[in-house]
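Keep the model open beside you as you read.

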Amino acid sequence: QITTLINHKDKPKRSDKTLQAIQRVGQAVNLAVGRFVTVGEAIANENHELKEEMSVACIEARRAGETIAQLTDVASLDHPESDSHITIFTDKTGVVKAARLLLSSVTKVLVLADRIVIKQIITSRNKVLATMEQLEKVSSFQEFVQIFSQFGNEMVEFAHLTGDRQNDLKDEKKKARMAASRAVLEKCTMMLLTASKTCLRHPDCESARINKNGVFHRMRLALEQVIEIVTDSRPNGENEMAPISIYTGIKEFKNKVEGLRENLYFLSKENLSTMLEVILEHTEDFTDSAYTSHEHREHILELSKQAKMELEQLVSVWMQAQNQKTKDLMEDLEVAILKTCQCMNELKREVHSAATSLAADLLKYHTDHMVLKALKITGVEGNLEAVAEYTCKLSEQKEQLVEMCRLLRHVSGTEPLEITCIHAEDTFQVTGPQIISAAETLALHPSSKIAKENLEVFCEAWESQLSDMSMLLREINDVFEGRRGEKRVYLSLPRPGKHNANLKALKPVKLDTEEQAKIAKLGLELHLLTSDVDSETEKWEDQENEIVQHGQGMSSMAYSMYLFTRGEGLLKTTQDLFHQAEIFATEGTKLASALHAFSDQVHGDDKPLLLLEAEKLISMCKQLQITAKASVQGKSATFTKVDACILKTRNVMTLLCQLLPLCCKLLRKNKAANGCLKPAPPWREDRIRTGTNVHTPERRAETFGIKTLENHVTNMTFLESK
């Protein structure tokens, strides 16, 4: 609006329409400033230490807004230039000065408000830390329950403040670091509950004390990192010291090489040689790794040697071209540049293949969580020797997964994904020993229900991180193959010029903080179910199977709906959510059709069971579509509709969690009957043999399903009643 005023053309003739338009713009600016300043003044009254500065900035903004309104009060003037009243036409510099003052004062108000937000987050963090110190020192259950209830409320407040801040961050790297820290705090809150309860129940148990201390330490580190991000502080420059990845190194190296086409003198040959040396040093992470295949290791070494030779040739031609710029030499330089870049592309492709194939194999191998199951069983039996044996196996698994994360970081392709890899590495490094200490505690106290529950919580965190790694691997592959951007399911969202034109008439609504808090538990359950579904789809050997693809699509859409409940992700308004729910229901109907087609291959008693489940799915999807399409008015009715959509999506996902393992079992049964079962991978040789079929839905519910938040809430209610 201000730009429109300042850039208006001084025409000799001014129509009434022009004069009215200018006046409307001036009034609109003044009204907008008035509303803005009212909020600023309210913030000032609540924060006395900045009240004076904020009040001054608000007064300046209001004065500038009023000046602009006066200078644009021209609609009633027939001959404004002959009148004594000063207007935009007689004093355009006055409008420019007022606009500058307005923008300056508005910026000042925003900066002061930002300082207040940062202070709120720091204050909230300090409250959480103080309560954590009290929790560490408690010696009775009654006192613990009271303090933990307060701690829970403080963590919810901190989560809301940092969630809003995360959404406001423009730097993707900071946003990824904030997301990682908040994820740690979210998972550690439940760990802190069970670890503290275990320590209170078994105060003389050293392993229980170690387990609890580990959780508190990790939470403090995560809280500190949040403050570093919010205040933009870098103690000892540690964030700047992160080693460069191979992907980034190759990208920068190629940019320098290709820059020689434009300028032969902008860098030295030593500079290029050093860059290549750094890249090749990082490839040693692959060639020195015990988990890199012999074939990949040989290819990486060959390409490293070739890269050195290509650079030598490039430098030779480059030096000659600097002395004598002939056509032949410039053509030779172009060839040398192309060959060097091609070699680096091949090296990048090879390390990407090495990292992602290792990750895919490891995730597939560890998908049944046999070591975790064995630790739970031997812990309940009180078998210390067996627990020690399986803790060694878990330590080996941890080393494999940590190495996988390190290699994936090199090929992640973007800084946010690099940070996610680092976060995953830290999670495996920390959670592994915590599972071991929790298992040792259970083995020492095999009849302890609290110790058993504590081990379950840490095992769930491990399983959840493995599930997250599958999604991370897909994202890394998407970046490498140029598919970076919105997931395909989001293409169903309303966009300008697409879909139903009537959507434009609907007023977009977002959930406020109170509504997000109400729906948070339901959203979290939906998140856990998406993890379950992703884990089940990973078990299928044929990832191109229609059932798997529909299941993955539905999981991805459900995850975006979970993010909406947190005020995050690409679903920004309730209308986006309702449209996504419709598409989700359509995808579910397509899955039901695929199940009907698959039932033709199934024989015996299994076929009616499969068809019954398919009919259930169709019915649920129809109900969801009806709910999503229903017309509502008013804030309360809209929230009720949101709640119903999330609830029905959760019910569909629960059914999907039962359907996928059932179909997988029937498919394997079919193949076995036809003599087509593939041999098991070699890594499966040392697995624990159990007499139970782990693919059945019943068994999966017992050993693999993630306990819902509802159970934990029930436990807390029970403690409070005691």
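Predicted model: local features only at pLDDT ≥ 70, side-chain atom pairs only at ≥ 80, totals over all residues.

A helix here is a DSSP run of H or I with at least four residues, and helices are numbered from the N terminus.

**The chain as a whole**

The chain has 22 helices and 0 strands. Of its 722 residues, 48% count as buried. Its exposed surface comes to about 36,000 Å², and carbon and sulfur atoms supply 52% of that area. Among contacts in the chain with a separation of 6 or more, 77% are between residues 24 or more positions apart.

**Two helix pairs**

Two packed helices are described by the angle between their axes and the distance between the axes. The table gives both values for two pairs.

| Helix pair | Angle | Axis distance |
|---|---|---|
| α6 (residues 172-201) and α7 (residues 206-231) | about 155° | 8 Å |
| α8 (residues 246-259) and α9 (residues 269-287) | about 155° | 10 Å |

How are α8 and α9 oriented, roughly parallel or roughly antiparallel to each other? Angles over 145 degrees count as roughly antiparallel, and α8 and α9 pack at about 155°, so these two helices are roughly antiparallel. The crossing in which α8 passes α9 is left-handed. On the α8 side, the contact is made by Ile246, Gly249, Ile250, Glu252, Phe253, Lys256 and Val257. From α9 come Leu272, Met275, Leu276, Ile279, His282, Thr283 and Phe286. Sorted by class, this contact has 9 nonpolar, 3 polar and 2 charged residues.

For α6 and α7, the angle is about 155°, and that makes α6 roughly antiparallel to α7. Their crossing is left-handed. The residues of the contact of α6 with α7 divide into 17 nonpolar, 6 polar and 6 charged.

Is Ser467 buried or exposed? Its relative accessibility is 4%, so Ser467 counts as buried, the cut-off for buried being under 20%. Leaving aside neighbours within four places in sequence, Ser467 is in contact with Ser531, Asp534 and Ser535.

Cys421 sits in helix α14 (residues 415-444). With a relative accessible area of 1%, Cys421 is buried. Which residues does Cys421 touch, not counting those up to four places away in sequence? They are Cys405, Leu408, Arg409, Ser412, Leu472 and Ile476.

His550 belongs to helix α17 (residues 546-565). His550 has a relative accessible area of 11% and is buried. Setting aside neighbours within four places in sequence, His550 is in contact with Glu587, Lys590, Leu591 and Ala594. Between His550 and Ala592, 42 residues apart along the chain, the C-alpha separation is 9.5 Å.

**A loop residue to look at**

Finally, find His369 in the loop between α11 (327-365) and α12 (370-381). Most residues other than glycine have a negative phi. The phi of His369, by contrast, is positive, near 55°. At 7% relative accessibility, His369 also counts as buried.

How values were computed:
Residues numbered from 1 in each chain as written. Heavy atoms only, no water. Axes fitted to C-alpha atoms, helices over the stretch in contact; angles between N-to-C directions. Parallel < 35°, antiparallel > 145°, perpendicular 65-115°, else oblique. Left-handed = near helix turned anticlockwise from the far one by under 90°. Contact = heavy atoms within 4.5 Å. Nonpolar A, V, L, I, M, F, W, Y, C, P; charged D, E, K, R; others polar. Buried < 20%, exposed > 50% of the residue type's maximum accessible area, 1.4 Å probe, protein only. Areas by Shrake-Rupley, 256 points an atom, 1.4 Å probe, with all protein chains shown as cover.
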